[in-house]
Structures are given as C-alpha cells and as structure tokens.
Amino acid sequence: MERRDFIKDLVIGGVALGVSPGLWAQPAYPELAVVTGESPDRITREAVQILGGIKRFIGRGDKVIIKPNIGWDRSPEMAACTNPEIVKTVVAMAFEAGAKDVIVMDHTINQAKRCYIRSGIQAAVQSAGAKVLLAEDQRLKKVNLKGEWLKDWEVYIDFLEADKIINLPATKVHSLSKVTLGMKNWLGAIGGSRNQLHQIIDQAIVDLTAFFEPCLTILDSYRILFRNGPQGGRISDTRLMKTVVAGIDPVAIDAYGATFFDYEPRELLFLQLAAARGLGKFELEKVRIEKRTV
Amino acid sequence: MKREQSKKYSGLQKLRIISQAGFFALFLILFIKTHYGGEDYLTTTVEGFFHFDPLLALATTIGSRLFFVAFWLSIITLLFTLIFGRAICGWICPLGAVHQFFSFVFKKTRWLKPKKDDHLSLAPKYIILIIVLAASIFAVNLAGYLDPLSFLYRSFAVYFTPLLNMAFSQSAGLTYSLGFESLGQTFGQTLGNLALNSYFQHALAIGLLLMAAILLNAWKERFWCRYLCPAGALLGLFSRFNVFKLKIDPEKCINCHLCSIQCQTNARPYPAGEWKSSECIYCETCAAICPTAAITFPVRWQAEKIQGVNLSRRKILLTSLTTLLVAPIFKITLHRQRAYPALIRPPGALPEEKFLNKCIKCGECLKVCPTNGLQPALTEAGPEGIWTPVLVPRIGYCEYYCSLCSQVCPTGAITELTIEEKTTVKIGTAFVDKNRCLPYTLGRQCLVCEEHCPVSPKAIQTITVETLTPEGKVATNLAPFVNVNNCIGCGICENKCVVVDEPAIRVSSIGEARSEKNRLLLQVNEPGDPQQ
C-alpha cells in the first residue's frame, strides 16, 4: 500500500468515525433479534446469541422460572400455546448458563394437566431436565402491583421467588386486545378473577407488564394464530412464520409481533399506554433490530 | 373333650379377609384412577366390577329392552353362584368388605352385641329385589339406588372425593405455612394431578346415606347385606347347589351357639338343619370360631332342598302388583312432555327415555369429569332421574377434548365417543342475556365468553353495540352474538362469565343432538347465505 493511500484511508476512516460518535456510545448488542429458519431450536439459540448469549441473562446458580403460554388444551400445530421445542431449547440454555433450578409454569384456562400434556410442553421440559409445576392455589399471594388500575392482586409466588424470569409467549390474535403476545402473557402468572381484567384489558396488560420484570423475552412466532384467537382450533387458523423475536424491551417485542398480523404498533392501545408509562418503545424505526435467517 | 379351633378354617377365614381387602383395594385404586391421567383414553377403569353384577345386568336389560354386551360377564357371576352359593358376597364385594370391617369395629367397641336367637326377617332384601325388577318391567330403573357397587361408587365419588380433596389442600396449605416447601409442593402437585372434584349438590344426602348404611352395622352385623342388598338377594335366589355344605359334627358340638351368634349374615349354622344356604356367604367365621372344630364345609354335589328365607307367594305377588301400580307414577311428570332447560346431559347420552332406562346412577361420570361440571340431578330430570348426571355449567363446563364420561359409563347410557366425535356432539345451546351482559347493559368491554369458546370458527361471534350511558354518551363496544349452529353447548362461556351468580350467557338443553323434539332452528339457508 502506498503511503498516500494509507493516509487517505486513515483520514476517511477518521472522518467516518468522527461524524458518528454515537456508534461508540451505544452498547454492542441490538435491541431486538429476529431470526427465521427451519429449526425452532436453532433460531432460538441464534436469537439469544445475537443478544449477547444466554450468559448475559442467566447467571451461575440462578433460580429460573420460564413462563410460556400453556393456556389452552391444544396441540402444538394449533398454535394456541408456545412451541414446545422452543421451550425445551430455552430450558436447556438456562442450564447451560449454570442455572441451579429451572421451573416452567402457567396458570392455564382449561384443565391444567391437559394443557401441559397436549401442548407437548410438559414432555419437552422434562426431557430437558427441568420440571413443570401446576399452578397451585396455595401459592397465590396478594401483592400490590402498583399499577394505574390494578392494585392488590394475587400473584403466584413462584414468580416472586425466582432470581430470573424468562417470558416465552406465543403469537396470537385476540378479539379484545387485538393481539396477545409477550405483555398479555402475564395474565397467566396471576390468580384472582382474571375474567374481570377484560373490562380494561389494555391497562391490565400494562400494569402487569410493569410489575413482572423478565430478564429476557422470546416471542415464539414459529407458527402464529391469525384467526379464531386466542385458542384457534384448526390448523387453517395458523400460519407458519418460522421466526422468533427476542429482546429485553417488552414493548418493542410486542410491537414487532403485531406486524405479523399487519397491525401498525401505534394502533394498539396497550403499546401506547406502555410507552407512555416508560416501559419501552413501540416505534420500530427507533429500535435497533438485527434480522437473520439460519 | 378336646377343645381346639380348626386351623384349616381359621386359615380360610384369614384368606377371606385378605381377599376382601384385596378386592376393596382394587376397587379403590380403580376408583381413584377414574380421572384424566394424561391419556385421552382410559385403559383401566372400574367398569369391570359393574359388568360382573347380575342385578345391574338384569335391571338395565329388562328396563331398556336391550342387552349391553359387556354385561355377559355377569353370567359368570350367576354360574359361580349357582354352584358355590353367595361366596362373592363374602369374599369379593367391596361394599360387603366395608360393612364387614365396620361390623368388626363395632363388635370390638361393644356397640354391636349379637344376640343368641335373632329372628328379624331377612326378607326385606328380596322384597327390594322384586320391587327393582318389577319396576324395570315398566322401564323404571331403580337398580342403582341400592345396588352395592353403584351405592359405593356414588358415595365415594360425591362424598369421599371432596373429602380427599380437602385433605390434600389443607395438608398443602399447612405444610407450606410451616415452611416445608417440598412437602407442600408434593401435596399441591398431587392435588392438581388427581383433579379431585370438590363440590357436589346433594353430597349431604349421599354422604349421610353412606354413613347411615355404615352405622346400621352397630345394630345388626352386615345390616346392609342381611336386609337391604338386592344384588345379594338375587345371588341368594341363584344359589342352588352350594357345593360346600355346612356340616356340624354332633359328636363334637357342645351346643354353645357361638356359630349362630357370630354368623355375619344370620344364616343360622346352628341348630343343625336350620342352615340357610342361600344366606351363607362362606365367610368361614362359624367354622373358624367353633371351639371344638365341629363345623366343616365338605364338598357334596347334590342339590338339597333349599333352606332359604321364607317368602310366601302372597307376599311376592302383592309386592309385584304394588310395584307395577306404583312404578308408573315415576313417569307421570312434566319432563316427559317437554324438555327441561337445565337438563343438559353429558355428550353421548342416549335420548332421555333410553338414558333413564340404562343409567344406574353409579357416579363414574361424576368422578371422571375434569371440571366437576357433571352433578347428580335432583329435580332436573324428574323423579326417575334422581342422581343421574347433569351438566351444571356454572360449576364446570364440558371440556372440549374430553370424552371420559362416555368411556367410563358401565351401562352404555352414555355412548362411548372418540374425542373427534365428541367435539361435534351438541348438548345444548348458549343464549346471551342482554340485560346482564356488560357490553349490552353497562357499556363496558368484556368478551370473556368469546375468548373461551372452543369451537372453530367460534360459536360466539362479535357485533358492535352502542349503549347510551346516563351521562348522555354512547359507549361503543364489541358484544357477544351466539351462532346457534356452531354452538355445542359446552358451557365454558357460562362458566367463565364475569357475572358469576347468574351468568349473562347461559346454556340450556335446547338443540341437544340426542333429542328429536328439543330443537330450535330448522336448517335453512337464509337469503344471501352461501348455498351449502
């Protein structure tokens, strides 16, 4: 290389760096990882890798609770519950990061055991060496959610006792909140008269999101439910997207998830309320997203 | 004279106790296993016990004029009894074991003091049998109320299961509060896995009847078996050869009366010649306790003149005639004229008349129902239908991918269905009560019913409604609208409705697939509908 060329490159490079100082100020990891591919296991691992690897979220000796959507007595191809392979991968990753204890639970709507079994999640979790727990009434504790609408409400203490929470929602439509993604998944971590929450569903979603603090959310969009939500019933109600969306910002994840159903994030009231509450941002153009296909 | 009890018969007596305990344990295990254990189709159920019961076989066959194939097993019971007498009552019957156990307990506590010459008539059970069989001629099925297996199973399902549930949940609560986390979790998870139904209407009546039946043992040993049991009476009528015949060795007998005093069923082994072979259940007590081993049961094949209970022809005739006059009263009821809205039968239930002929009120469906929704009827089904299963959606809905009740029904009153078949069977129809529904009447959003509707496409669709509020504003919300053709009547909408006391969406039996009369809409294409 000629000395002149070298100097020229140096100047150009220096100018380039100089005019974008923000590049240095920002953290190394993107905010959302969106990975598409055939294997649920691979896309999940890749998405977490993009975010910095599982060790960024789970530490050695952590007691981890994973909250998939196991709400309905539906088989995996109905896309009403979280994909069991993805649950299995996340359990395995938590153990790889050195978690001491990993439990998986949800407060189901149909008979709990039925949902755990037909969804394939119980078998998947057990094969990965963790345990599923049925939600127990005795484990409910009334706590102050400090929400704008929801104050005292019963929460399963399993979620309060864990060191780390991982949110593992499914991607579905819902007639009232339009979509049910990561934020609405928290209705499965509480007890009480959940059916009353429909009366101001958007505020309930936001209040619950503000209360639970997952270290990581992985939205399972491998197969999404675009019709007859939130439990579907026919394979024709679902569509294969073969994608996962992972990140920390619960609002950004749901904003991205909404686009699978051709919703503009700003159309969703709960996203607006959440952003106003400072829980995250729904303007996807302001979110650093890394997309990959594996 | 040498005083020594018979080792052989003491051994047989112990063997009999082991047999009773074993069959009771089997019954109990199969009872507990009558629940969703992770598979859609049950492999081992307690049904078999019922199929060996000739009373149920006879009464349901006469009543329904149909022979349910599984009941062929009861022929084995009859042949066995024909040859060996009522050994099944003494060695196998699980309710007999319960009564035997409590008779023993009451004897030990001296509440029960058997008398020397007890002449209380053993005839009532035969009268009951005649009533049951005569009623079944008029297709009134009374067999299940006093059949020992039905009685035991129903009592366990309605009374014992909630008790067990309470025990587990109290234990879980207690151990958690004491800080024994893992023990508490064991209790709590077991509770969730067993899915024990914890609420039943008429649990008081059914539970008290069990208690009463047990307490009567403090008056007379095995009171039920002696005086009440129609199944035992039937076996009594069928015992002919009684191959093992009681024999008292007059050389050895010291006339102590101990055998007759301690006889469980008052079959009078002593004095010689009074032994009622049709009452003997071969418990071997007399031979075992005889202080001089004077009593034996040698094999003798010839059929002897039956020493049974004296039942005069007049009594039999009178009972039969009375029953034939009384039984039809059960049918003089409004339920026969017109469908009853709260009479929501489990999916697969036969048309009402056939269903009533076959249902033995055993309570297997009540036990297996995963949501506790199946309840024993009191008024819903008329006098014939007391304790037959009825779905009460407010308590529990019909789980979409579940056909367990149809699988466990021992008489075919509920036709066995696959899961796929079951999801298409309509058991009723939901109607919105606009006067109570939140979007319609309060102008608030809700749609909980729509969210839970399990069929696809959903039977509960949405429409936009405008509600005028007192402030003069118009609240616009989505509200439920039932598509009656898609609705299968599972009742999850009613169960989950936020208006808990009197739900704003309720299921009634109209439209049920099993009835040709209880129908709502003719299947017609409305103008503009796509041609089917």
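Predicted model: local features only at pLDDT ≥ 70, side-chain atom pairs only at ≥ 80, totals over all residues.
Good morning, colleagues. Let me begin with one residue of chain B: B:His257 is partly exposed, as 13 other C-beta atoms lie within 10 Å.

As for its place in the chain, B:His257 is found in the loop between strand E1, residues 247–248, and helix H14 of chain B.

B:Tyr282 belongs to the loop between H14 and H15 of chain B. Is B:Tyr282 buried or exposed? B:Tyr282 counts as buried, because 23 C-beta neighbours lie inside 10 Å.

B:Tyr270 and B:Pro271 are joined by a cis peptide bond, with omega about 0°. B:Pro271 sits in the loop between helix H14, residues 258–262, and helix H15, residues 285–289, of chain B. Another cis peptide bond links B:Ser456 to B:Pro457, and there too omega is about 0°. Where in chain B does B:Pro457 lie? B:Pro457 lies in the loop between helix H23, residues 448–452, and strand E6, residues 460–468.

The C-alpha trace spans about 105 × 60 × 40 Å along its principal axes. Of the 532 residues of chain B, 49% count as buried. If we take the contacts in chain B between residues at least 6 apart in sequence, 75% of them join residues at least 24 apart.

We turn next to the contact of the two chains. Chain A contributes 27 residues and chain B contributes 33 residues. On the side of chain A that touches chain B, helix H5, residues 112–118, and strand E4, residues 131–134, each supply at least two residues. Which element of chain A gives the most to that side? The answer is H5(A), with five residues. Sorted by class, the side of chain A that touches chain B has seven nonpolar, 12 polar and eight charged residues.

The remainder of my talk concerns chain A, and in particular helix H10, residues 269–276. Within H10(A), the residues A:Phe270, A:Leu271 and A:Ala274 are buried. Why do these three lie on the same side of H10(A)? They do so because they cover an arc of only 100° around the axis.

H9(A) and H10(A) pack at an angle of about 160°, and their axes are 10 Å apart. That angle makes H9(A) roughly antiparallel to H10(A), since angles over 145 degrees are counted in that way. The crossing of H9(A) and H10(A) is left-handed. On the H9(A) side, the contact is made by A:Val251, A:Asp254 and A:Ala255, and on the H10(A) side by A:Leu271, A:Ala274 and A:Ala275. The residues of this contact divide into five nonpolar, no polar and one charged.

How do H8(A) and H10(A) pack, at what angle and with their axes how far apart? The angle is about 40°, and the axes are 8 Å apart. H8(A) and H10(A) are therefore oblique to each other. Their crossing is right-handed. From H8(A), the residues A:Asp202, A:Gln203, A:Ile205, A:Val206 and A:Thr209 meet A:Leu269, A:Phe270, A:Leu273 and A:Ala274 of H10(A). By class, the contact of H8(A) with H10(A) has six nonpolar, two polar and one charged residues.

Finally, H10(A) is followed by A:Gly278, whose phi is positive, near 85°.

Thank you for your attention.

Definitions and conventions:
Residues numbered from 1 in each chain as written. Chains lettered and ligands numbered in written order. Buried ≥ 20, exposed ≤ 12 C-beta atoms within 10 Å, placed from the backbone. Helix = DSSP H or I, 4+ residues; strand = E, 2+ residues; numbered from the N terminus. Arc of directions from axis to C-beta. Axes fitted to C-alpha atoms, helices over the stretch in contact; angles between N-to-C directions. Parallel < 35°, antiparallel > 145°, perpendicular 65-115°, else oblique. Left-handed = near helix turned anticlockwise from the far one by under 90°. Contact = placed C-beta atoms within 7 Å. Nonpolar A, V, L, I, M, F, W, Y, C, P; charged D, E, K, R; others polar.
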